[in-house]
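Please look over the sequence and the model below before reading on. The briefing that follows takes up a sheet, a pocket and a cavity in turn.

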Amino acid sequence: MKRLLAILLVVMMTAVLLTGCLSSNPAAAPVQPEEKKEEPKAEAPKEPAKIIKISNGVNEQHPAFLGGKEFERIVEEKTGGRYDVQVYANAQLGDDVKATQDVRMGNLEIVVTSASPITGLAPAFMVFDLPFIVSSEKAADAIFDGPVGKKIASSLDGKGLHLLAYYENGFRQLTNSKRAVKTPADLKGLKIRTMENPIHLAAFKALGANPTPMPFSEVFTAMQQHTIDGQENPIPTIYLQKFFEVQNHVSLTGHVYGPHIMLISDKLWNELSAEDKKIFEEAAYESALLNRETNRKMAKDYVAELKKNGMEVTEFTPEQLKVFQDAVQPVYTEFEEKIGKDLINEFKAAVEAAQ
Ligand code: TK8
């Protein structure tokens, strides 16, 4: 009897296992037939693209922004979309100083900033702020793409920032709403916005103006409301930011040549593989070439556009410019030590060699 029971139990258990009726749910699905259809293999889950934001203070037509878009195109293409580069305009992510600070802290990936307002971090960049030190675009390229540019860029080491590329902001020209400025004497008493940079401040003081530093995004309104009389920026910016709507005089002084530097946060840079670093560097350089070419074309073409829009353009002979050059000479001695005499000499030699 006992044996019979044991056999019964085994039979029942086997039946339970075969039919899958062990489930407490009587409606449970029967065991799948042996030959079940192969389900289409699900794709390996893709890592979401890493977002890289680029901050710009200028608008979407400006060569600095267009350079960023070119960087976006190349990086996304070469990495098969592993990165999603997003270019922001109009200081939406902050003006130069704030955006650079954010990049430095690792809260933002990339900024395209003027070097001038961030020289407190890396004084070597102040060499660009010395008036009339860069004589031509060709000389600028020789600096940017040669050993002097590398040396200046390396002054950012250990500061949380890495220079990806030298874009061109360009030769700065003076605008105002009061009168045609033909000599330093015409500048007397004019309230001129400058970038937040000690050399620019000192130079405009030496010229007899009343310099007022402020972030770029506040400049248009300040001119419109006449809290300042004028400002200075390269022709592409004067035209594209529509400064001609609130300024009627432009003097082609070209007193300072400024780079727009593309800086990436060390935090991100140190995370990148060697392969991605190379892609970023090549994309940055390609985008810089496009930026410089576009900027140079606009700098030529837009002088006529400014005239068409009612601006009076003052041009200078070399002799007339020399009056301005002589007036700002004291800033060379004043800032020589801070920048480094050797660097200034190397810079000047590279400029001369490029002539
Ligand atoms: C834009 C600035 C601008 C600069 C200035 O963010 O502040 O006047 O020339 O181009 O970098």
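In what order do the 6 strands of the open sheet lie? The order is β7-β6-β8-β5-β9-β11, and the pairing is mixed. The model is predicted, so local features need pLDDT of at least 70 and side-chain atom pairs count only at pLDDT 80 or more, while totals for chains, interfaces and linings use all residues. Residues are numbered from 1 along each chain as its sequence is written, and side-chain values use heavy atoms, with hydrogens and water left out.

**The sheet**

- Strands here are DSSP runs of E with at least two residues, helices are runs of H or I with at least four residues, and both are numbered from the N terminus.
- Two strands count as paired if DSSP finds at least two bridges between them.
- The edge strands, each pairing on one side only, are β7 (210–213) and β11 (312–314).
- From one strand to the next the twist averages 25 degrees, where axes are lines fitted to C-alpha atoms and angles run from 0 to 180 degrees between N-to-C directions.
- Strand β6 (residues 191–194) runs parallel to β7 and is joined to it by 4 bridges, and R193 stands opposite T212 in β7.

**The largest pocket**

- A pocket is an open set of points on a 1 Å grid over the protein atoms alone, with protein on both sides within 12 Å along at least five of seven lines, and its lining residues have an atom within 4 Å of a point.
- The largest pocket holds about 430 Å³ of space, a volume being the space filled by probe spheres set on points that are joined across faces, edges and corners.
- Its lining consists of 18 residues, and those closest to the centre are F144, K150, L163, L164 and A165.
- Two or more lining residues come from each of α5 (147–154), β4 (161–171) and α10 (274–308), with β4 giving the most, 6 residues.
- By class, the lining of this pocket has 9 nonpolar, 4 polar and 5 charged residues, where Ala, Val, Leu, Ile, Met, Phe, Trp, Tyr, Cys and Pro count as nonpolar, Asp, Glu, Lys and Arg as charged, and the others, Gly among them, as polar.

**The cavity**

- A cavity, by contrast, is a set of grid points where a 1.4 Å probe fits but cannot get out.
- The structure holds 1 cavity of 30 Å³ or more, and the volume of the largest cavity is about 100 Å³.
- The largest cavity is lined by 13 residues, with A203, F204, L207, H255 and V328 nearest its centre.
- At least two residues of this lining come from each of α6 (198–206) and α11 (318–328), and α6 supplies the largest share, 3 residues.
- The lining of the largest cavity has 10 nonpolar and 3 polar residues, and no charged residues.
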